[in-house]
Amino acid sequence: MKIDKKLDKILKRVEKPARYIGGEVNSVVKDPTEVSVRMGFCFPDTYEIGMSYTGMQVLYNVLNKNPQIACERAFAPAPDMEELMRQEGMELFTLETFTPLRQMDVVGFTLQYEMSFTNILNMLDLAGLEVRREEREETDPVIVAGGPCAFNPEPLADFIDMFLVGDGEELLEQVLLLKQEASSKAEYLAKCGKLDGVYVPSFYDVSYNEDGTVRAYEKLVPDAPDRVRRAVLQDLDKAEFPTANIVPFIDAVHDRSVVETFRGCTRGCRFCQAGMIYRPVRERKKDTILDIAMKQLKNTGHEELSLLSLSTSDHSEFEDMATELMGLCKAQNVALSLPSLRLDSFSFKVLDEIQGYRKSGLTFAPEAGTQRLRDIINKNITEDDIYSAVEQAIELGWETIKLYFMDGLPGETFEDLDGIADIAKKIRDINYDIRGRKGGRFRITVSVSNFVPKPHTPFQWAPQDRPESFIKKHDHLREKLRMKGVTFNYHETKTSTLEAIIARGDRKVGSLIEKAWRMGCKFDAWTEYHAPELWEKAMEETGVTAEFYAYRERSYEEILPWEIIDPLIDRRFLERENEKAKQAMVTPDCRQGCAGCGMNKHVKCFYGVEEGRFPVNTGKEAAHE
Amino acid sequence: MSKYVIEFSKTGTICYTSHLDVMRMFKRAFKRAGIALSYSQGFNPHPKMGFAQPLSLGYEAEEEFIEFETPDDREPAELLEALRITMPEGIDLKKCERQRKERKTLSSMTCAAIYEAVIPLHGKKCDVDGQIGSYLAQDRIVTLKKQKKKKELKEVDIKPMIRQITGAVADDELVLEMLMDQGSTSNLSPELILSTFMTFAGIDTDRSEVRVKRKKILFTEDPFQ
Ligand code: SF4
């Protein structure tokens, strides 16, 4: 690709210029005159992070397969690049054709985490576009957004023209194809608004009660839906999945072949948004997975293959699949990585074989330190599970154990925190028993993240811990975990508060995001750029308080801003789960019986419709019930 | 087991990829093309593949070389074709030839390289030949160079490593052609010639406007033999 002199000059002065050149193997460059709609697909973080998201590759592939559509990419330029672009008056461009984003028909953002929201405004601004939808011109591109955070679109409702909620691979293509059928933006939004999964914020006016809670959503367009039903892909096995992923030139966070094995999760952890919003479980067949994996490796030349799902071992054909993949990867000199395995004897056999003498750390996510609290959050793992797995691991030669917990969970007491230390201590003792008092180079890492209540989960009403409380808990844990061979990590507290504000925000939170961005906030997910003082100032100026959005317990009577989106699971189910949590009652995995979330009223759910179709999991995970 | 050398060029935006990026890119291209590479023995086996000389990020190149070893024996033309179709834009593979098994590595045979730098003058007059003459007539050409290990700056005299410089002005641009030591025994970065020469000649064009290209790598023996 020939490059213009202005850009060339800039590229000579920035770090990692290959972030901005495109041209990677398998990227798709189309002649703009031969397509009917052009989309600029934006990831609101740096290239290395964005290129590691499989979802982006999935949509890029679906869209570019369609001869009528050109999908081009843009990422958030790093601050050094941004500065030079602004200095030289250069607008944000797509990597495929160096076309200014402003010339695209549709510009889409993927919403993966709240702390990337300021980058969205910044990218719009760098593209020469107004950030507020009302101030943009008829000729400006239509701005869309999708991804997990679109399940609460309200904090971005003032900036985005249209949200796509739910599975995107069919919906986004439909939406783009409608573009040519509409002669104005209004007509376009009206047409798209008829599709399941499309939320057009300008179709609704939100009024608030005096206490700041939502009073009502008033429809400004008569045929706008009362609630926007999320889009659901019925058959994952038949859905398009990339077999020729873009291969970045530079080191991305993950740069490997990836196949999504299933979507959804049957476990029903009460804190987990993904486990709720991606119901029901939909699998790709083993043979489809193997086929895609082999094609990807052939077309990319990757040296590593990984599988993507919420819980790798839960695939109904997992053991056969893992065994076959191991054979295929070995024959091709490809490393296989299997994340989030349930650690039973089969997994150990697999891990031992694929990791060989280079064993990476073994990861456990008990999430909470006592059985009582694990029952509250419905995390079905017992200490016996962990200890017997640790024993096997140590005997097989693993030397690093990583443990993940959350603090600030509903119903948590200091005893639960002590439980975290007890688990670490017990694991250390197991190692002493096996390896002797010196214990070898054995290390335990305990990572604790601050609980952020998320929309559409049973904990969506829960108050978040205040920073003082988090700090006290971290101090307590630090004391308790002062043990030889144990490392303790925890999350930045101020970021967690902000995440909670935005995650459960309403439209008023939009002005906070805009204010913070105007004050200079961006790359808030990066510790080195995040500026909590600016956010605090922006909160003061906009009147958005943590008290209201983060620390407050919501009542069942309250209209929650994100309920404009219908996740297709019943609110009553969420309430029931929240009540059961208060009594530390567990709800079994869907594979042991339908928990009645309501999903099967809308789409076919394996476990909810035909019980017993899949082998019921009688493993010891549920033994404590 | 067979050894091959491929000559290629690197032009356009892909010049913003680093030496390591290009290395990884080639490794993957071999995989895509279905060409197995031989691996070294030992705990950390790595594919037997290497470049004559690393190319700095931002430089284009006309004549680069990569050598590799495969367990199979295939016709060079066939290898070239299989690889060609899977290369990203900007990397053009020119020829492939079999190499003698017992020969030294390309990098140990590299002794010098020719670089071309295009420097916009922005209307400034420049007596090229005169400037080059007096630049080279200095007793020593001293500049600061980053030490590999300590990362400290150290004074070096680069003059003994400069073999030849010629220049011409056309279209308000100064084109310098520089021949210098490169390789494992003596190695000079063209950046050091550029910066010292531009200071010497009073050319204040910003470095970001200068385009550099490696035109040729010189070897102690013919790389295609
Ligand atoms: S319908 Fe039943 S089985 Fe299906 S996801 Fe909901 S609770 Fe699980």
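User: Does Glu541(A) count as buried, partly exposed or exposed, and at what relative accessibility?
Analyst: The model is predicted. Buried means under 20% relative accessible area and exposed means over 50%. Glu541(A) has 46% relative accessibility, so this residue counts as partly exposed.

User: Which residue meets the side chain of Glu541(A) in a salt bridge?
Analyst: A salt bridge needs a side-chain nitrogen of Lys or Arg within 4 Å of a carboxyl oxygen of Asp or Glu. Here the N to O distance is 3.4 Å, and the partner of Glu541(A) is Lys515(A).

User: How many residues apart in sequence are the parts that Lys515(A) and Glu541(A) tie together?
Analyst: Lys515(A) belongs to helix H17 (residues 508-518) of chain A, and Glu541(A) belongs to helix H18 (residues 532-542) of chain A. Lys515(A) is partly exposed, at 30% relative accessibility. The pair therefore ties together parts whose separation in sequence is 26 residues.

User: Which strands of chain B hold Glu63(B) and Lys216(B)?
Analyst: Glu63(B) and Lys216(B) form a salt bridge, with the closest N and O atoms 3.4 Å apart. The pair ties together parts that are 153 residues apart in sequence, so the two residues fall in separate elements: strand E3 (residues 60-70) for Glu63(B) and strand E10 (residues 211-219) for Lys216(B).

User: Are the axes of H10(A) and H11(A) roughly parallel or roughly antiparallel?
Analyst: The axes of helix H10 (residues 318-331) and helix H11 (residues 345-355) of chain A come within 11 Å and cross at roughly 10 degrees. Angles under 35 degrees count as roughly parallel. The arrangement of H10(A) and H11(A) is therefore roughly parallel.

User: How many nonpolar, polar and charged residues make the contact of H10(A) with H11(A)?
Analyst: H10(A) contributes Phe318(A), Glu319(A), Ala322(A), Thr323(A), Met326(A) and Lys330(A). H11(A) contributes Phe346(A), Val350(A), Glu353(A) and Ile354(A). By class, the contact has six nonpolar, one polar and three charged residues.

User: What is omega for the peptide bond from Arg279(A) to Pro280(A)?
Analyst: Pro280(A) sits in the loop between helix H8 (273-277) and strand E12 (282-283) of chain A. The bond from Arg279(A) to Pro280(A) is cis, with omega near -10 degrees.

User: What is the phi of Asn26(A)?
Analyst: Asn26(A) is in the loop between helix H1 (5-11) and strand E1 (37-43) of chain A. With 25% relative accessibility, Asn26(A) counts as partly exposed. Although Asn26(A) is not a glycine, its phi is positive, about 75 degrees.

User: Where in chain A does Ala584(A) lie?
Analyst: Ala584(A) is a residue other than glycine with a positive phi, near 55 degrees. Its relative accessibility of 25% makes Ala584(A) partly exposed. Ala584(A) lies in the loop between helix H20 (571-582) and helix H21 (606-609).

Note on methods
Residues numbered from 1 in each chain as written. Chains lettered and ligands numbered in written order. Predicted model: local features only at pLDDT ≥ 70, side-chain atom pairs only at ≥ 80, totals over all residues. Heavy atoms only, no water. Axes fitted to C-alpha atoms, helices over the stretch in contact; angles between N-to-C directions. Helix = DSSP H or I, 4+ residues; strand = E, 2+ residues; numbered from the N terminus. Parallel < 35°, antiparallel > 145°, perpendicular 65-115°, else oblique. Contact = heavy atoms within 4.5 Å. Nonpolar A, V, L, I, M, F, W, Y, C, P; charged D, E, K, R; others polar. Buried < 20%, exposed > 50% of the residue type's maximum accessible area, 1.4 Å probe, protein only.
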